[in-house]
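Here are my notes after a look through this one, point by point. Have the model open while you read.

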Amino acid sequence: MSGRDLFCQPRRFGRGAALTLVFASVLVAGAATGSFPGDRKSPAGTAGSAAPVGRQQDVAEAAAEAMAAGESPMEAAERAVSRSGDRWGAVYSQGEYEEFEEALDGEYTGVGLWARRERDGRIEVTKVRAGSPAATAGIRAGDRLRSVDGAKVDGRPVTEVVSLLRGDATDAPAGTAVKVGLERGTRAWDLTLRRARLSTDSVTVRELAGGITVIRIASFTKGAGDAVRAAVRRAPAASGIVLDLRGNSGGLVTEAVTAASAFLDGGLVATYDVEGDQRALHARSGGDTGRPLVAVVDGGTMSAAELLTGALQDRGRAVVVGSRTFGKGSVQMPSRLPDGSVAELTVGHYRTPSGRAVDGRGITPDLEADRGVLERAATVLSGLGES
């Protein structure tokens, strides 16, 4: 039997667009997590897996009937998902799902630059990853991007520009060439870059005044949990920690549990159900339970990030500062359709250690703060340190 349980955020994007910063929360096999056994790369519904049930069966049948009639299975599946009323249900093309899984692995194919569109429609490079093809070619933040493979980019949405750079339309692999036109001051030039496999920086660490360590988790991609544990070990012994989860849309649940293990000495992280079957997630033992900790959240804190927040709050391990989180606490399961596309439908929900439901409710911070959130967190930490 193969399968994955997914705690997903809503996903709506155009076909062929870059699937950026879109994450589901995947439970990988293991007795400690109580998850389904199986290969994370094989969605439920592939050969040898259990047959889909309930809504999944209805969607699978609609797709099969469409294929038999010479119609699009994916479009039929999308209609079936829409009729089901599943708020979080979604259908991916095969290429989109593969790109999605690559994102979960914390890797992507690209040239290593970030861009934004200015008010006049021009595309400006805002950041260049060290060691990337863009950096090696001498591209700098502030350069203007004029064209990609001969296509002018002025006025285009940034997502389209990123898609062109990555070669999403042709699923361009690492090593393929992309020609870019650039401008810096009065200088204009063209150069050819070779796309490469790059990793995301999902966990970053910095220090605030007073020796406070800020650990920001942008998403729970592969390795993020161990990165958090390492950051906690490296933090000065007497310092408090701010765990910044603002804008974190989710990620691999096993990574969120590993991150929880950095601050807990074992015990319950969350419970969840799949088609009525109750399961539990537990932290590893040996975490740092004495260091002052504040978790910072906002309305963009979702899914696995809410699972971690709820665990730290319920277990009395962290003071939560910020604004109410998004409220994504349902479990999705994917199934492969006849044309290779993948449908995901809700099969259950998770709860915090105290039994609180998160879906549609979110998590209310212990201290509400819309502005100056890090400053408020630092103030709270100073009080915790004195207690």
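**Notes on the model**

1. Both Tyr92 and Tyr97 are buried. Keep in mind that this is a predicted model. There are two aromatic pairs by the rule used here. In the Tyr92–Tyr97 pair, the ring centres are 5.3 Å apart and the planes meet at 65°, so this one is edge-to-face; the cut-off for that label is over 60 degrees.

2. Next, charges over rings. The charged end of Lys127 sits over the ring of Trp114, at 4.7 Å from the ring's centre. Lys328 does the like with Trp88: its charged end is over that ring, 4.9 Å from the centre. Lys328 comes back in point 5, as a contact of Glu306.

3. Now the main core. The largest nonpolar core has 43 residues, and the members that touch the most others are Phe220, Val228, Leu243 and Phe263. Helix α8, residues 304-314, supplies the largest share of this core, with six residues. As background, nonpolar side chains tend to be buried together in soluble globular proteins.

4. What does Leu243 touch, once its neighbours within four places in sequence are left aside? Its contacts are Ile215, Ile217 and Phe263, then Leu293, Val294, Ala295 and Val296, and finally Leu308 and Leu312. Phe263 is also on the list of core members that touch the most others.

5. Glu306 deserves a look. This residue lies in helix α8, the helix behind the largest share of the main core. Is Glu306 buried or exposed? Glu306 counts as buried because its relative accessibility is 0%, and the limit for buried is under 20%. Setting aside neighbours within four places in sequence, Glu306 contacts Thr301, Thr325, Phe326, Gly327, Lys328, Tyr350, Val358, Gly362 and Ile363. Val358 is 52 residues from Glu306 along the chain, yet their C-alpha atoms are separated by 7.8 Å.

6. On to helix α2, residues 73-84. The buried residues in α2 are Pro73, Met74, Ala76, Ala77, Ala80 and Val81. Viewed down the helix axis, these buried residues fall within an arc of 160°, so they line one face of α2. Ser82 and Arg83 are exposed, on the face turned away from the buried side.

7. What covers the buried residues of α2? The cover includes α1 (55-68), β3 (90-92), α3 (94-104) and β20 (342-351). After α2 comes Gly85, with a positive phi near 80°.

8. Last, two backbone spots to check by eye. Most residues other than glycine have a negative phi. Asp149 is not a glycine, but its phi is positive, about 50°. Asp149 sits in the loop between β7 (144-148) and β8 (151-152), and it counts as partly exposed because its relative accessibility is 47%. Asp171 also has a positive phi of about 50° without being a glycine. Asp171 is in the loop between α5 (158-166) and β9 (177-184). With 59% relative accessibility, Asp171 counts as exposed, the limit for that being over 50%.

Technical notes: Residues are numbered from 1 along each chain as its sequence is written. This is a predicted model: local features need pLDDT of at least 70, side-chain atom pairs count only at pLDDT 80 or more; totals for chains, interfaces and linings use all residues. Side-chain values use heavy atoms; hydrogens and water are left out. A nonpolar core is a set of buried Ala, Val, Leu, Ile, Met, Phe, Trp, Tyr and Cys residues joined through side-chain atoms within 4.5 Å. Buried means under 20% relative accessible area, exposed over 50%, partly exposed in between (1.4 Å probe, protein chains only). Helices (H or I, at least four residues) and strands (E, at least two) are DSSP runs, numbered from the N terminus. Contact means heavy atoms within 4.5 Å. The arc is that of the directions from the helix axis to the C-beta atoms. Rings of Phe, Tyr and Trp (its six-membered ring) pair if their centres lie within 6.5 Å; planes under 30 degrees apart count as stacked, over 60 as edge-to-face and the rest as tilted. A charge sits over a ring if NZ of Lys or CZ of Arg is within 6 Å of the ring centre and within 35 degrees of the ring normal.
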